[in-house]
Each structure stands twice: as C-alpha cells, then as structure tokens.
Amino acid sequence: MARFPRRRSGAPIAPKPTTRTALVRRESPAAPSTAATTTAAAPPRRTDSLARRLRRGGTKNVMVMAVAAGLVGTLAIPAYAFAPGTDGVQFGATAQTRLTQAQAQDVEVTEDVIAAPVSEDAYAATTAAEIEAARAAAEAEAARQAAAAAMTSYAASAAEYSAPAAVYGSADPASVFAVAQQYLGVPYVYGGATPAGFDCSGLVMYVYAQFGIDLPHSSSAQGAAGTQISIDQAVPGDLVVMSGHIGFYAGNGQILHAPYEGTVVRTQPIWTSDYWIVRI
C-alpha cells in the first residue's frame, strides 16, 4: 500500500489534482517517490481514457451516418435524375415514339409513286382429275395402236377365209354352241368376222352364217333379230345380250364371247346382272 505524507496541522488542504500534469507541477518541489506519484494519479488516468473513447466513438458514429446518407443518395440518383424525358440524349423520346403519341396525321403520296410489283413462283400443280384423264388417254391410245396392228395382221390373213357357207342343218342352240366352241382361242380384233380374228358380233355372225342365217354385224341388231326369253329358260347356244356386247350362253351363268382387245375368244362367268337372253 502506498503511503501518503503527513500534512502539517494548520496548513491549507490543496485540492486533489485531476490530471497527471497538475500533480507533477505541485509535487515537483517536494519530489516525492515515483511509486507514490504513479499510485495517486492512476484513477484520473482511467477517467481521462474513458472520456477520450467516448469522444472518439461519437465522431465515428457521425462519420458512419454521413457515409450511409451519401450511399443512399447516390443509389437514388438514377431514379429521378436520369428519368426518361430529360434532356439526356440516351433518354430522349425517338421520332417514332413522338409520332406514335401524336394525334391522327395525314400522309401525302405523290402521283409518281406506284405499287411495288408482286411476283409469283411459276409452277403449276396437276390435279388428280388431270392425272386420271391423262392415264385414260394413254390407255386409249395404246388400245388404238394395238387394234390398228391387229387389224393389219387380220387383213393379211382374213383373205384366206371366204364367206362361210351353210354347212349345218337346224340352228338349234346345242348345235350352234358346238360350232362356237371351235373358235375358242381366236384373238380379238375390232371389226373382225373371220377365224383370223373376231369381235363380239363378228363371232356370232360367222357362227350363224354356217347355219344359213344371215345376221348383221352389230350386237344390238343381232339381239333384236331373235326372241327374248327368261333367264331360267336359257340353254347353251342362246344369245346373252347386254348394252354394247353379245355372246353365247355357256350354261351355269357363263358366257362364251370375244371380250376386247388383247384377249381371245373365251368362256367366263357373266359379270353383270344387266343382261337378257335371246333365242334365234
């Protein structure tokens, strides 16, 4: 424990020094010991340090608040200082915007202005009907050429056949059908009426001519030359007549005939119900 020097009686009591400087000045004549001086001044030093810290803390708070206010102001500047509509070039309204916001306007066009030419791709699409018509025309042409070639061949060989003579007796259906079967396999030739080639009515005409019956070279005329009977009464040798075609009834719903170009005289089922039976 530090010892304080005794004060003389009757001497005035000096006020307690508040700082280290005052203590040194007062006690310098007496030159007390270093330990005593340091011990007596310790409490004022702590008080002075606390006061300085408080003063420095207040200054720092003021500086922090000032910096924060500056940052807030800086961040808020773009919100109002550079808003669109100001004099800044980058924020000014464009001419298109001003026109859009304006009222209705009139546009004058000079007389020498013409519409821009419009061009279209030069292509044409072929319809299904045109394709079908072209196909049918090609088939018809091919058939015509085949018929012409067949007729040329027929004309060369038909001369070998003279007009058929009446070599058979009664023209009953069974006898007629037996003669007609002799020509199975003869090629179809349009207009043909000999074993060199037959068409439908040419076959019928040639067969009946051998029984002394002269029929015209026409399917409709041959159908009108006989008597129509019911289909239930038909027997082989009767005539099967339909629109534009004729042949011999072969029994069991079949017909012996010369069908069309590219085929031969043959027997096949009747393919339609639109026919009638005629007996000569």
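Predicted model: local features only at pLDDT ≥ 70, side-chain atom pairs only at ≥ 80, totals over all residues.
Colleague: Which residues of α4 are buried, and what do the buried residues pack against?

Modeller: A147, Y154 and A158 are buried in α4. The buried residues of this helix pack against β1 (193-194) and β2 (197-198).

Colleague: Where does D199 lie?

Modeller: D199 is in the loop between β2 and α6 (200-209).

Colleague: How do you know that D199 has no salt bridge?

Modeller: A salt bridge needs a side-chain nitrogen of Lys or Arg within 4 Å of a carboxyl oxygen of Asp or Glu. For D199, which is buried, the nearest side chain of opposite charge is R266, 15 Å away. D199 therefore has no salt bridge, since the cut-off is 4 Å.

Colleague: What does the side chain of D199 reach, and what makes its pairing with H217 a polar contact?

Modeller: The side chain of D199 reaches the backbone nitrogen of G202 at 2.6 Å. The side chains of D199 and H217 are joined at 3.0 Å, and the cut-off for a polar contact is 3.5 Å. Leaving out residues up to four places away in sequence, D199 touches several residues, among them Y188, Y190 and A258.

Colleague: How many aromatic pairs are there?

Modeller: The count comes to five aromatic pairs.

Colleague: Why is the pair of F198 and Y206 called tilted?

Modeller: Their ring centres are 5.6 Å apart and their planes stand at 55°. Stacked needs under 30 degrees and edge-to-face over 60, so the rest, tilted, applies. Ring pairs also link Y183, F198 and Y206 into a cluster.

Colleague: Why do F198 and Y206 count as buried?

Modeller: Buried means under 20% relative accessible area. F198 is at 0%, so F198 counts as buried. Y206 is at 9%, so Y206 counts as buried too.

Colleague: What makes the pair of Y208 and F248 stacked?

Modeller: The ring centres of Y208 and F248 are 6.2 Å apart and their planes are at 20°, so the pair is stacked; the cut-off is under 30 degrees. Y208 lies in helix α6 and F248 in strand β5 (residues 245-251), so the pair ties together parts that are 40 residues apart in sequence.

Colleague: Are Y208 and F248 buried or exposed?

Modeller: Y208, at 2% relative accessibility, counts as buried. F248 has a relative accessible area of 0%, so F248 is buried.

Note on methods
Residues numbered from 1 in each chain as written. Heavy atoms only, no water. Buried < 20%, exposed > 50% of the residue type's maximum accessible area, 1.4 Å probe, protein only. Helix = DSSP H or I, 4+ residues; strand = E, 2+ residues; numbered from the N terminus. Contact = heavy atoms within 4.5 Å. Lys, Arg positive; Asp, Glu negative; His and termini not counted. Polar contact = N/O pair within 3.5 Å; in protein donor to acceptor, adjacent residues only side chain to side chain. Phe/Tyr/Trp six-rings, centres within 6.5 Å; stacked < 30°, edge-to-face > 60°.
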